[in-house]
Amino acid sequence: MDLSIWPAGGAGACGGAGEEASAIRAHAAFAEAMSAGERCLLHDDSAAAANALLAHGCERVGIVVDNAGFELVCDLALADAIVCARRR
């Protein structure tokens with residue numbers, strides 16, 4: 001069974017007619033991916049991370065910046081917030 005959004009045999013291969021079947025298939029694939037992400041990938045550890053970064057016994061913090069553009073700006077803003085919070 002081909003579970004891709006765009007089956008190898010074309011839109012008709014997914015058991016429906018043309019664009020409507022492709023849209024239904026894309027919606028189902030997106031819903032499944034979001035559900036899997038909620039179950040397996042997404043977990044908010046921000047409070048624990050903030051506590052660890054601001055702990056008095058933690059002398060150095062290393063940040064690996066692997067982004068570009070707007071994501072880089074967000075990484076730099078995070079670094080600035082950590083530095084400012086640790087000065088207090």
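I began with D75, which I found in helix α3; helices here are DSSP runs of H or I with at least four residues, strands are runs of E with at least two, and both are numbered from the N terminus.

I noted that the model is predicted, that local features need pLDDT of at least 70 and side-chain atom pairs count only at pLDDT 80 or more, while totals for chains, interfaces and linings use all residues. I also noted that residues are numbered from 1 along each chain as its sequence is written, and that side-chain values use heavy atoms, with hydrogens and water left out.

Next I looked up the burial of D75, which counts as buried because its relative accessibility is 17%; buried means under 20% relative accessible area, exposed over 50%, and partly exposed in between, with a 1.4 Å probe and protein chains only. Leaving aside neighbours within four places in sequence, I found D75 in contact with V65, D66 and N67, where contact means heavy atoms within 4.5 Å.

I then turned to the loop between α2 (46–54) and α3 (70–87), where V65 lies, and I saw that V64 is found in the loop between α2 and α3 as well. V64 counts as exposed because its relative accessibility is 75%, whereas V65, at a relative accessible area of 38%, is partly exposed. Between V64 and D75, which are eleven residues apart along the chain, I read a C-alpha separation of 8.9 Å.

I looked at the surface and found that V61, I63 and V65 form a nonpolar patch there, with about 200 Å² of accessible area together. Patches are made of residues with over 30% relative accessible area and no salt bridge, like charges being joined within 9 Å and nonpolar side chains (Val, Leu, Ile, Met, Phe, Trp, Tyr) within 5 Å; a salt bridge is a side-chain nitrogen of Lys or Arg within 4 Å of a carboxyl oxygen of Asp or Glu.

For the protein as a whole, I recorded three helices and zero strands, and the elements run α-α-α from the N terminus on. Buried residues make up 9% of the 88 residues, and of the contacts between residues at least 6 apart in sequence, 31% join residues at least 24 apart.

Last I checked confidence, given as pLDDT, the predictor's confidence in each residue from 0 to 100: the mean is 74, and 70% of the residues reach 70 or more. Confidence is lowest in helix α1 (residues 18–40), at a mean of 74, and highest in α3, at 85.

Terms used
Accessible areas come from the Shrake-Rupley method with a 1.4 Å probe; for residues, only the protein chains shown count as cover.
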